[in-house]
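Please look over the sequence and the model below, and then read the notes on selected local features that follow.

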Amino acid sequence: MTCPHAAARDAAPVVVDPMVQDLDGETDRIRAAGPLARIDLLGVPAWAVTRHADARRLLVDPRLVKDMAAWDLWTSGAVTHAWPLIGMVDAGRSMFTVDGEEHRRLRAKTSQALTPRRLEALRPDIEKFTAELLDALEEGGRDGAVVDLKAVFAQPLPMRVVGMLMGVDPQANAMLTRHYKKFFSMLTPQEERLALLAELDVFYTELVRAKTALPTDDLTSALILAEDGGEPLTEEEVVGNLKAMVAAGHETTIGLVLNAVRALLAHPEQLRMVLAGEVPWEAVIEETLRWDTPTTHLLMRFATEDIEIGDAVIPKGEGVVISYRAIGRDPEQHGPDADAFDITRPAPHRHMTFGHGPHICPGAALSRVEAGIALPALFARFPRLRLAVPDEELRNLPVMTQNDLESFPVLLDA
């Protein structure tokens, strides 16, 4: 009899397309490959978890760690910094790359700074930014002109918010947007990507040193100053947290806002229900997060020993990817109509788009607040908003980990 996990290893892996030309088709192929699918990430093999229940268990399993020292391909030298996705795994020391007590120590300060009370205090600023960007959108779309909803509205809003939260000079937002876009793009040469990471390290190091000398009311200062009797964060740890949080904090919200607008425009009856107040915007946000996740694949965790998943096994030393888009459409969790967008699904919406367990996204609540302000304000200002091109002409950026559109051309008034 053939060992189940050996059969899976011998099967042709699902190649994750760096150009992201058919995201729906790729999601279907990964799901069809089983609960534990063998995938190919630019020549590097890994295991993709495709079922909600399995991911929920694995995300709290201490045998699955973020420490690259547990990855055989890394320790053997088979994977090096020449691999284009290495920056998603070897991202410096931060709460995103350590486990256990060290993770709790690095994460605690961020969690304290993103309390519900602090988020509510941010609401007036988010509303102000939203109104200003809607004014810019209206100006760009005058006289029936096509305007890019992503470039003018969905992209600058979360960067402004996360920049304000971190105490970043607003003049740096455009530079940060460009750097992160190039970092994530598979079209960026690896030498340039590594140089971008070095430039970001310099930028955030200078920010941390400035805030150390003159603290202000922002998250950067809080990370530097707050000790609570424990070991303070090092400069490297603060920089690592900031670098990753700004990346995740704006990319996720861009996807959430655009994917929600896209889904509603493709389902006009559901849009009508929302605008009529028959369904709350919260339901739109949660269904979008489930059905069209901003994060496609989350790289990467490593097995410190063999881990059984049903009839399969993740061998010790191998890498594991959580495929959130496949998980969001798991019929075992969401029913036989899991592939359908339906804002009338009964609550609660038990998806895991922001993760689960110790590494659950610390900015999840902030992203929800931003979308909860941006989406109703957008449709209140432009109730006849529509795509300027057929939906099938929208294209994803060549980003393997994010569900990120190149652009979102719209007309404001049909």
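## Conventions and basis

Helices (H or I, at least four residues) and strands (E, at least two) are taken as DSSP runs and are numbered from the N terminus. This is a predicted model, in which local features need pLDDT of at least 70 and side-chain atom pairs count only at pLDDT 80 or more, whereas totals for chains, interfaces and linings use all residues. Residues are numbered from 1 along each chain as its sequence is written, and side-chain values use heavy atoms, with hydrogens and water left out.

## A buried aspartate in a loop

Asp 404 is placed in the loop between strand 10 (386–387) and strand 11 (409–411). Its relative accessibility is 7%, so Asp 404 counts as buried; the term buried stands for under 20% relative accessible area, exposed for over 50%, and partly exposed for what lies in between, with a 1.4 Å probe and protein chains only.

When residues up to four places away in sequence are not counted, Asp 404 touches Lys 150, Glu 251, Ile 254, Asn 396 and Leu 397. Contact here means heavy atoms within 4.5 Å.

## Strand 3 and its two partners

Strand 3 (residues 44–49) is mostly covered, since five of its six residues are buried. Strand 2 (residues 36–41) runs antiparallel to strand 3 and is joined to it by six bridges, with Ile 39 having Ala 46 in strand 3 as its bridge partner. Strand 3 also pairs with strand 9 (residues 319–322), in the parallel sense and over three bridges, and there the bridge partner of Trp 47 is Val 320 in strand 9. Two strands are said to pair if DSSP finds at least two bridges between them.

Strand 2 and strand 3 form a hairpin with two residues between them, and Leu 42 is in the turn.

Most residues other than glycine have a negative phi, and most peptide bonds are trans. Leu 42, in the loop between strand 2 and strand 3, has a positive phi near 55 degrees, and at 31% relative accessibility this residue counts as partly exposed. Asp 143 likewise has a positive phi of about 55 degrees although it is not a glycine; Asp 143 lies in the loop between helix 7 (116–140) and strand 5 (147–148) and is exposed, with a relative accessible area of 85%.

A cis peptide bond, with omega about -15 degrees, joins Leu 299 and Met 300, and Met 300 is placed in strand 6.

## Aromatic pairs

The structure holds six aromatic pairs. Rings of Phe, Tyr and Trp (its six-membered ring) pair if their centres lie within 6.5 Å, and planes under 30 degrees apart count as stacked, over 60 as edge-to-face and the rest as tilted. One of the pairs is formed by Trp 71 and Phe 302, which are stacked at 5.0 Å centre to centre with 25 degrees between the planes. This pair links distant parts of the chain, 231 residues apart, with Trp 71 in the loop between strand 4 (64–65) and helix 4 (72–75) and Phe 302 in strand 6 (residues 298–303). Trp 71 is buried, with a relative accessible area of 0%, and Phe 302 is buried with a relative accessible area of 0%.

Another stacked pair is that of Trp 281 and Phe 379, at 5.9 Å centre to centre and 25 degrees between the planes. This pair too links distant parts of the chain, with Trp 281 in helix 15 (residues 281–291) and Phe 379 in helix 18 (residues 364–381), 98 residues apart. Both Trp 281 and Phe 379 are buried. Trp 71, Trp 83 and Phe 302 form one aromatic cluster.

## Helix 15 and the packing of helices 13 and 14

Helix 15 is largely enclosed by the rest of the structure, because 10 of its 11 residues are buried; among them are Trp 281, Glu 286, Glu 287, Arg 290 and Trp 291. The buried residues of helix 15 pack against helix 13, helix 14, helix 16 (324–328), helix 17 (331–334) and helix 18.

Helix 13 (residues 235–266) and helix 14 (residues 268–275) pack at an angle of about 110 degrees, and their axes are 5 Å apart. The two helices are therefore roughly perpendicular to each other. Axes are lines fitted to C-alpha atoms, for helices over the stretch in contact, and angles run from 0 to 180 degrees between N-to-C directions; angles under 35 degrees count as roughly parallel, over 145 as roughly antiparallel, 65 to 115 as roughly perpendicular and the rest as oblique. On the helix 13 side, Leu 264, Leu 265 and Ala 266 meet Pro 268, Gln 270, Leu 271 and Val 274 of helix 14.
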